[in-house]
Amino acid sequence: MRHLISPLDFSVDETNEILALASDIYRKPEKYKEICHGKKLATLFYEPSTRTRLSFESAMLNLGGSVLGFSESSSSSAAKGETVADTIRVISAYADICAMRHPKEGAPQVAAMYSEIPVINAGDGGHNHPTQTFTDILTIKELRGELGHMTVGLCGDLKFGRTVHSLIQELVRYPEIKFVLISPDELKLPEYVKTEILNANNAPYIETTSLENALPELDVLYMTRVQRERFFNEEDYIRLKDTYILDMPKLANAKEDLMILHPLPRVNEIATEVDNDKRATYFKQAKYGVYVRMALILRLLELA
């Protein structure tokens, strides 16, 4: 039995197989519509979510399975003090596979240690978000045709942004990728990510505070919101939340084939006027998330 806790839980070859499966599901959905008949997905969301939780539910329903679970910790026995270990032991008797989001780093890993069913990390604190990473790379591969030979700009909250940390972990495994890290000094990428991932893999990167200066060289721009829920100080959040706002004047100097990605939800960091630009791909990205989660469910249940 396998779990998905980190993007690195699958090799590059396995990852490419999952992307190929997701692509096939996207093109031939009828082929997969009953493959999970009789199977149950438990969604254990201790933290609010729209896209991730609903895309997991949609994925399982599209495969002919069913869904049970909770959407906030207050509606589960966690509110009474039940541990993650005990919760997953119980859920293992009710479902065939589980997707867990938790505000504490490492909680899905703890669940996997005690689980009798596959556990999928749907986001743990500021640490990892592997299914979003699979969504991101499927989007890039579908729309660019490859996952290497590009300059990727990561903009916004690089300190707490688990989607950023996961994406860097994954992309360093592909050839000739340069990273441009765009953030205010207070939200810079953690040193351990630079040391253990970028430097350890000899991945070239530069750090800057200027989105405008970075834009002309980017092939992919990954925008992120400044996450209010990660701040201990409201004043710091208010001061930093609108540091970067991508609008049409800024895009005037960007490449015509730039891909603009965002894990969503957005607040103010991408102006709505950008939505109609052909380079805006974040809503397509959300759609691809359903297909990649369908592929992951099938792979972890050993049905494909």
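This report describes helix packing, nonpolar cores and some backbone features in a predicted model.

**Helix pairs**

Two packed helices are described by the angle between their axes and the distance between the axes.

| Helix pair | Angle between axes | Axis distance |
|---|---|---|
| H1 (residues 12-27) and H11 (residues 282-300) | about 120° | 8 Å |
| H2 (residues 51-62) and H11 | about 60° | 8 Å |
| H3 (residues 84-91) and H4 (residues 107-114) | roughly 50° | within 8 Å |

H1 and H11 pack at an angle of about 120°. Angles over 145 degrees count as roughly antiparallel and those from 65 to 115 as roughly perpendicular, and H1 and H11 are therefore oblique to each other. Their crossing is right-handed. On the H1 side, the contact involves Glu-14, Glu-17, Ile-18, Leu-19, Leu-21, Ala-22, Ile-25 and Tyr-26. These meet Tyr-288, Tyr-291, Val-292, Met-294, Ala-295, Leu-296, Leu-298 and Arg-299 of H11. Sorted by class, the residues in the contact of H1 with H11 are 13 nonpolar and 3 charged, with no polar ones.

H2 also packs against H11, at an angle of about 60°. That angle makes H2 oblique to H11. The crossing of H2 and H11 is right-handed. From H2, the residues in contact are Thr-52, Ser-55, Phe-56, Ser-58, Ala-59, Met-60 and Asn-62. From H11, they are Val-290, Arg-293, Met-294 and Ile-297. This contact of H2 with H11 has 6 nonpolar, 4 polar and 1 charged residues.

The axes of H3 and H4 cross at roughly 50°, which makes H3 oblique to H4. H3 passes H4 in a right-handed crossing. Val-84, Ala-85, Ile-88 and Arg-89 of H3 meet Ala-107, Ala-111 and Tyr-114 of H4. The residues in the contact of H3 with H4 are 6 nonpolar and 1 charged, and no polar residue is present.

**Nonpolar cores**

In soluble globular proteins, nonpolar side chains tend to be buried together. In this model the largest nonpolar core has 57 residues. Which residues have the most contacts inside this core? They are Leu-154, Ile-168, Phe-179 and Ile-297. H11 supplies the largest share of this core, 10 residues.

Ile-168 touches Leu-154, Phe-179, Leu-181, Leu-189, Val-193, Ile-197 and Leu-198, leaving out residues up to four places away in sequence. Another core, of 20 residues, lies apart from the largest one. Leu-246, Ile-260, Ala-271 and Val-274 are among its members.

**Backbone features**

The loop between strand S9 (259-261) and H11 contains Pro-265, and Leu-264 lies in this loop as well. The peptide bond from Leu-264 to Pro-265 is cis, with omega near 5°. Leu-264 is not a glycine, yet it has a positive phi of about 65°. Is Leu-264 buried or exposed? Its relative accessibility is 14%, so Leu-264 counts as buried, the cut-off being under 20%.

His-149 is not a glycine either, and its phi is positive, at about 55°. It is found in the loop between helix H5 (130-144) and strand S5 (150-155). With 39% relative accessibility, His-149 counts as partly exposed.

Definitions and conventions. Residues numbered from 1 in each chain as written. Predicted model: local features only at pLDDT ≥ 70, side-chain atom pairs only at ≥ 80, totals over all residues. Heavy atoms only, no water. Axes fitted to C-alpha atoms, helices over the stretch in contact; angles between N-to-C directions. Helix = DSSP H or I, 4+ residues; strand = E, 2+ residues; numbered from the N terminus. Parallel < 35°, antiparallel > 145°, perpendicular 65-115°, else oblique. Left-handed = near helix turned anticlockwise from the far one by under 90°. Contact = heavy atoms within 4.5 Å. Nonpolar A, V, L, I, M, F, W, Y, C, P; charged D, E, K, R; others polar. Core = buried A, V, L, I, M, F, W, Y, C linked by side-chain atoms within 4.5 Å. Buried < 20%, exposed > 50% of the residue type's maximum accessible area, 1.4 Å probe, protein only.
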